[in-house]
Amino acid sequence: MGAGGWQWNDAWIFVSAVIAERLERDRAQHAALPMVGASLADLLAAADFLHHSVPSRAELEESVRRLAGAGLIVVEDDLVEVAPAGEQLWRGRPFSGLSSAVMTLQTQLNRQAGEPGDVDWRLDEQTYALAMREYRHRLADDR
């Protein structure tokens, strides 16, 4: 688990949120649209890109609750944004490239982020299934 209580999955989901939000921000800027956050499907895509697997509903729910409770991300409905404290943590990490970003971030979380929090956010099966369906549809379109 680590000295601060942060788990590897927490770091995986956090790095995925950072990637997903940045990609969504780029899309919004190019289309002259307002930035509203990354969708759960965006988050799943980034997680798969990083680890070649998609987090389960329970893994995603637990890590989002811990990260949001610690003030590192903000989640509303199915949109995720990196909070200012999360942005600061991301920018303050030792740069190591994406191949080791999750391990580096887990270390940063345990050193600097304090204890994981817990917010009352639930990811129901239907919302998760819809995000998975959207993500799979995107994969099929990319092929």
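Which helices are included in what covers the buried residues of H6? I opened the predicted model to find out. The cover includes helix H2 (40-51) and helix H3 (57-69).

**Entry 1: helix H6**

I started with the extent of the helix. H6 runs over residues 125-142, which makes 18 residues. I looked up its reach from the first C-alpha to the last and found 26 Å. That is close to the 26 Å expected at 1.5 Å a residue.

Next I listed the buried residues of H6. They are Tyr128, Ala131, Met132 and Tyr135. Why do they sit on the same side of H6? They cover an arc of only 100° around the axis, so they share one side of the helix. I then turned to the other side of H6. There I found Gln126, Arg133, Ala140 and Asp141, which are exposed.

I also checked the N-terminal end of H6. Asp124 caps it. A side-chain oxygen of Asp124 lies 3.1 Å from the backbone nitrogen of Gln126.

Which residues of H4 are buried? In this helix, residues 84-91, I noted Gly86, Glu87, Leu89 and Trp90. Their arc around the axis is only 160°, which puts them on the same side of H4. The face turned away from that buried side carries Pro84, Gln88 and Arg91, and these are exposed.

I stayed with Trp90 for a moment. The charged end of Arg93 sits over the ring of Trp90, 3.6 Å from the ring centre.

Then I moved to Gln108, which lies in helix H5 (residues 101-112). Is Gln108 buried or exposed? Its relative accessibility is 4%, so Gln108 counts as buried, the cut-off being under 20%. I looked up what Gln108 touches, leaving out residues up to four places away in sequence. The list is Leu89, Gly92, Arg93, Pro94 and Ala113. Leu89 is one of the buried residues of H4, and Arg93 is the residue over the ring of Trp90.

**Entry 2: helix H1**

I searched the whole structure for aromatic pairs and got one. The rings of Trp8 and Trp12 have their centres 5.4 Å apart. Their planes are at 35°, so I wrote the pair down as tilted. Both residues lie in helix H1 (residues 8-30). They are four residues apart, about one turn of the helix.

Trp8 is partly exposed, at 27% relative accessible area. Trp12 has 2% and counts as buried.

What is Ala20 in contact with, leaving aside neighbours within four places in sequence? I found Ala38, Asp42, Leu43 and Ala46.

Where is Gly37 found? I located Gly37 in the loop between H1 and strand S1 (38-39). At a relative accessible area of 3%, Gly37 is buried. Its contacts, not counting residues up to four places away in sequence, are Glu24, Leu79, Val80 and Glu81.

Last, I checked Gly37 against Asp78. They are 41 residues apart along the chain, and their C-alpha atoms are separated by 9.1 Å.

Notes: Residues are numbered from 1 along each chain as its sequence is written. This is a predicted model: local features need pLDDT of at least 70, side-chain atom pairs count only at pLDDT 80 or more; totals for chains, interfaces and linings use all residues. Side-chain values use heavy atoms; hydrogens and water are left out. Helices (H or I, at least four residues) and strands (E, at least two) are DSSP runs, numbered from the N terminus. The expected span of a helix is 1.5 Å times one less than its number of residues. Buried means under 20% relative accessible area, exposed over 50%, partly exposed in between (1.4 Å probe, protein chains only). The arc is that of the directions from the helix axis to the C-beta atoms. Contact means heavy atoms within 4.5 Å. A polar contact is a pair of N or O atoms within 3.5 Å; within protein, one must be able to donate a hydrogen and the other to accept it, and residues adjacent in sequence count only if both atoms are side-chain atoms. Rings of Phe, Tyr and Trp (its six-membered ring) pair if their centres lie within 6.5 Å; planes under 30 degrees apart count as stacked, over 60 as edge-to-face and the rest as tilted. A charge sits over a ring if NZ of Lys or CZ of Arg is within 6 Å of the ring centre and within 35 degrees of the ring normal.
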